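Welcome! Try each task yourself before reading on.

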Amino acid sequence: MMYDWPEPIVRVQSLSESCENKIPNRYVKPPTERPSETTTSHLHDVNIPLIDLKSISSDIDGGGSDCDEEWRSTLEKVSEACREWGFFQVVNHGVRPELMDRAREVWREFFHQPMEVKQGYANSPKTYEGYGSRLGVEKGAVLDWSDYYFLHYLPSSLKDHNKWPALPTSLRDVIEEYAAQVAKLGGIIMKILSINLGLEENSLQNAFGGDNNIGTCLRVNFYPKCPQPDLALGLSSHSDPGGLTMLLPDQDVSGLQVRKNDAWITVKPAPHAFIVNIGDQIQVLSNAIYKSVEHRVIVNSAKERVSLAYFYNPKSDLLIQPLKELVSPEKPPLYAAMTFDEYRAYIRTKGPRGKAQLGESQKSPR
Ligand code: OGA
Ligand code: NI
């Protein structure tokens, strides 16, 4: 693993303020990857499933009554969303709406501080913690139109408040509470998925190393205005390498697109919903019953966008492989055992590259 970036880092936010009406060539995607060529506009009424977790969040801690009809129907909706989309939105998820808004606002404030303040947190490819502007270390790569901030929450041995921004003053407290609440939601979704896979409810969590060993981290994405949004991407097509992702999108500006067969569907965020998606590690553990789905982010010329992606991951040095219960002579294991540390090194070196890592080709849809 490299210890520093292969070329000087340029903050996209600074570029956005200085580049007038033309973006540098480094950010111009090849024609087959440009949003204008691949977005399927006639599917504008399609959206990922929206699921109300009311019957679950109150129940699952207390054991949940298996015969409750509403509970069953919610589980079935999640099951279908996992199989059909790999993505869904949830409401009544147990995280306070005011906390969601506060979390987004403290990060917006962070990115609107003077550049000298942010540079104090500049990250390196060694751990990625801190303020960053690229993913991957290949010299000359075409870059994405975004900056980000990356930090660890669990395990607590990796959490280092000194690597979290000191300003705005409320950020550390707000993010501490936010990270705790969203981790709880992650645990609930892990149970739902386990039950839906026909497993004991703690199966996936145990495969991740159990309650005291899971890893969670936060990637805050900042997508500045882009004068040529048809030529660039805010985040190139990728699947998330970890277990589950719970994304808090910008409330006012859409941008996330999810791949559905050969089309890109723009997600329309519901008020105070989280967007949940399956990561590569759950694809591996479920032996591809659930698949991580490619997604990307488009940018626009009128508005910046802020999103918080919270990643719920296995203990990083544990071997992850298809669960025994889901493997049979008819369904042999599709993936070799690998630790998440080893797995994540790929995206951290090469940058986002569709689903190449799980052996799937990545033709751009038209
Ligand atoms: C990510 C991601 C989507 C978004 O950070 O992995 O897919 O809408 N973000 O910012
Ligand atoms: Ni993602």
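**Exercise 1.** Decide whether R104 is buried or exposed.

*Solution.* R104 has a relative accessibility of 4%, so R104 counts as buried. The cut-offs are under 20% relative accessible area for buried, over 50% for exposed, and partly exposed in between (1.4 Å probe, protein chains only).

Before you continue, note that this is a predicted model, in which local features need pLDDT of at least 70 and side-chain atom pairs count only at pLDDT 80 or more, while totals for chains, interfaces and linings use all residues. Residues are numbered from 1 along each chain as its sequence is written, chains are lettered from A and ligands numbered from 1 in the order in which they are written, and side-chain values use heavy atoms, leaving out hydrogens and water.

**Exercise 2.** Find the salt-bridge partner of R104 and say where the two residues lie.

*Solution.* Step 1: the side chain of R104 meets that of D101 in a salt bridge, with 3.5 Å from N to O. A salt bridge here is a side-chain nitrogen of Lys or Arg within 4 Å of a carboxyl oxygen of Asp or Glu.

Step 1: both residues belong to helix α5 (residues 97-111), three residues apart, which is about one turn of the helix. Helices (H or I, at least four residues) and strands (E, at least two) are DSSP runs, numbered from the N terminus.

Step 2: D101 has 29% relative accessibility and therefore counts as partly exposed.

**Exercise 3.** Work out which parts the salt bridge between D144 and K29 ties together.

*Solution.* Step 1: the closest N and O atoms of D144 and K29 are 2.9 Å apart.

Step 1: D144 sits in the loop between β3 (130-132) and β4 (147-154), and K29 in the loop between α1 (12-18) and α2 (35-38), so the pair ties together parts 115 residues apart in sequence.

Step 2: D144 and K29 are both buried.

**Exercise 4.** Describe how helices α4 and α7 are arranged.

*Solution.* Step 1: the axes of α4 (residues 69-84) and α7 (residues 171-196) come within 10 Å and cross at roughly 85°. Axes are lines fitted to C-alpha atoms, for helices over the stretch in contact, and angles run from 0 to 180 degrees between N-to-C directions.

Step 1: α4 and α7 are therefore roughly perpendicular (65 to 115 degrees) to each other.

Step 2: the contact (heavy atoms within 4.5 Å) involves residues including W71 and L75 of α4 and I192 and L193 of α7.

Technical notes:
Angles under 35 degrees count as roughly parallel, over 145 as roughly antiparallel, 65 to 115 as roughly perpendicular and the rest as oblique.
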